[in-house]
Amino acid sequence: MFDTKIAIVLREDLPVWQKLNVTAFLTSGIVAQFPEIIGEAYRDRAGNLYNPMSIQPVIVLSADAATLGTIHRRALERGVTTSAYVEEMFSTGHDAANRAVFAGSAPDDARIVGIALRGDRKLVDKITKGARMHG
């Protein structure tokens, strides 16, 4: 059991490929912020080496656009640094372009399609209230 929780909230109406893509990008942001969550490398019985992965489970939730906006606002109000993905990032092809379109939005008009955060379990639950298990 962990004192902290990692949650990813995706906009429920995204196509599956976009949900998977956004999840991967958001997860990389959490790992960059908290590198200590990465465990040891894996080895199979033949001795082949595999990349290390997170030692902590990740919960994936879904919500409508309005709820995602509320979750974004709650995180900002509580000073929780998140990974966030805005809809305009789907039309770009590289990191600098992603940052440029992201910089064009503000908290009150950002079209968030995914957000990820790690924090105290109870705090993450309060921030993500209204989202439901992705299914």
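Reader: Which side chains meet in a salt bridge at 2.1 Å, N to O, with glutamate 12 as one partner?
Author: Glutamate 12 and arginine 132. A salt bridge here is a side-chain nitrogen of Lys or Arg within 4 Å of a carboxyl oxygen of Asp or Glu. The pair links distant parts of the chain, 120 residues apart. Glutamate 12 sits in the loop between S1 and H1, arginine 132 in strand S7 (residues 132-133). Helices (H or I, at least four residues) and strands (E, at least two) are DSSP runs, numbered from the N terminus.

Reader: What kind of model is this?
Author: A predicted one: local features need pLDDT of at least 70, side-chain atom pairs count only at pLDDT 80 or more, and totals for chains, interfaces and linings use all residues. Residues are numbered from 1 along each chain as its sequence is written, and side-chain values use heavy atoms, with hydrogens and water left out.

Reader: Back to the pair. Why does glutamate 12 count as partly exposed?
Author: Because its relative accessibility is 34%. Buried means under 20% relative accessible area, exposed over 50%, partly exposed in between (1.4 Å probe, protein chains only). Arginine 132 is partly exposed too, at 43%.

Reader: How many salt bridges does the structure hold?
Author: Nine. One of them joins arginine 73 to glutamate 77 at 3.1 Å, N to O. Both lie in helix H2 (residues 65-77), four residues apart, about one turn of the helix. Arginine 73 is partly exposed at 42%, while glutamate 77 is exposed at 54%.

Reader: What does aspartate 95 form with arginine 99?
Author: A salt bridge, with the closest N and O atoms 2.1 Å apart. Both residues belong to helix H3 (residues 95-103), again four residues apart. Aspartate 95 and arginine 99 are both exposed. There is also a network: salt bridges that share partners join Arg11, Asp13, Glu87, Glu88 and Arg111.

Reader: Now lysine 19. Buried or exposed?
Author: Buried, and without a salt bridge. The nearest side chain of opposite charge is aspartate 13, 7.5 Å away. For charge, Lys and Arg count as positive and Asp and Glu as negative; His and the chain ends are not counted.

Reader: So where is lysine 19 found, and what does its side chain make a polar contact with?
Author: Lysine 19 is found in helix H1 (residues 16-33). Its side chain makes a polar contact with the side chain of histidine 134, at 3.3 Å. A polar contact is a pair of N or O atoms within 3.5 Å; within protein, one must be able to donate a hydrogen and the other to accept it, and residues adjacent in sequence count only if both atoms are side-chain atoms. The backbone oxygen of glutamate 12 also lies 3.3 Å from a polar atom of the lysine 19 side chain.

Reader: On to the strands. Why is S1 largely enclosed?
Author: Seven of the eight residues of S1 (residues 4-11) are buried, so the rest of the structure largely encloses it.

Reader: Which strands do bridges join to S1?
Author: Strand S6 (residues 112-120) runs antiparallel to S1, with seven bridges. Strand S4 (residues 58-63) runs parallel to S1, with six. Two strands pair if DSSP finds at least two bridges between them. Leucine 10 stands opposite glycine 114 in S6, and isoleucine 6 opposite valine 58 in S4.

Reader: And S6, how many of its nine residues are buried?
Author: Eight. S6 also pairs with strand S5 (residues 83-86), antiparallel, over four bridges. There, valine 86 stands opposite isoleucine 112.
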